[in-house]
Amino acid sequence: MGLREVLEICLALIGSAEDQDKFETLYEKYKKLLYHAARKQLRDEEMVEEAVCTVFLRVARNMCMIHESVSQETMHLLLIMTRRVAIDIRRRQERKHIPTIGMEDIENAACLSVEMGVDEGSSIASALGKLPSQYRDVLLLKFAYGYSNSEVARLLDLTVANVEKISSRSKKKLKVILKEEEVWDDEAER
């Protein structure tokens, strides 16, 4: 099934004409970006297309959570979803013992700073860049964009309990990193 067919299915899943228009705008604006993001994780074109199609289907089922079709928040949400789906596809293939060649996930603090619109020298951006991508993704969706645990779970295809656990672990790990960089002060916490 190609991306065009997925677009038709997605539009059929969406109830209102307004949301359909919003979805079509989102689709046209971000499809190339999502392909690029999926290719960072996957080399096989069929897997890349599967990842992008999966993201668009999830978005269609959750259009109520998309506030604007063209915004930084929407772009970041789609990139996070694409990265998570691509990683899941790659892991599924690895479990099947089918060799796949995936590009390394090169996301340093400078790259994260650009994505977040934070100064490159920012300690927090640097610390976030050191977190595993799943930890960073959950933190960004929850705290930078205000999604609830249940919304993050639906968007990333996780359980709410898993999101809560990842959130807790990521905050602890972020605190450790900030302490190592002498940015976090236990005295200030009290």
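Modeller: A word on terms: buried means under 20% relative accessible area, exposed over 50%, and partly exposed in between, with a 1.4 Å probe and protein chains only. This is a predicted model, where local features need pLDDT of at least 70, side-chain atom pairs count only at pLDDT 80 or more, and totals for chains, interfaces and linings use all residues. Residues are numbered from 1 along each chain as its sequence is written, and side-chain values use heavy atoms, without hydrogens and water.

Colleague: Is Phe56 buried or exposed?
Modeller: Phe56 counts as buried, because its relative accessibility is 1%.

Colleague: How many aromatic pairs does the structure hold?
Modeller: Two. Rings of Phe, Tyr and Trp (its six-membered ring) pair if their centres lie within 6.5 Å; planes under 30 degrees apart are stacked, over 60 edge-to-face, the rest tilted. Phe23 and Phe56 have ring centres 5.9 Å apart and planes at 75°, so they are edge-to-face.

Colleague: And Tyr27 with Phe56, what are the distance and angle there?
Modeller: Their centres are 5.1 Å apart and their planes at 55°, so that pair is tilted. Tyr27 is in helix 2 and Phe56 in helix 3, so parts 29 residues apart in sequence are tied together. Tyr27 is buried too, at 3% relative accessible area.

Colleague: Switching topic, how many helices and strands does the chain have?
Modeller: There are 10 helices and zero strands, both taken as DSSP runs numbered from the N terminus (helices H or I, at least four residues; strands E, at least two).

Colleague: What share of the residues is buried?
Modeller: Of the chain's 190 residues, 44%.
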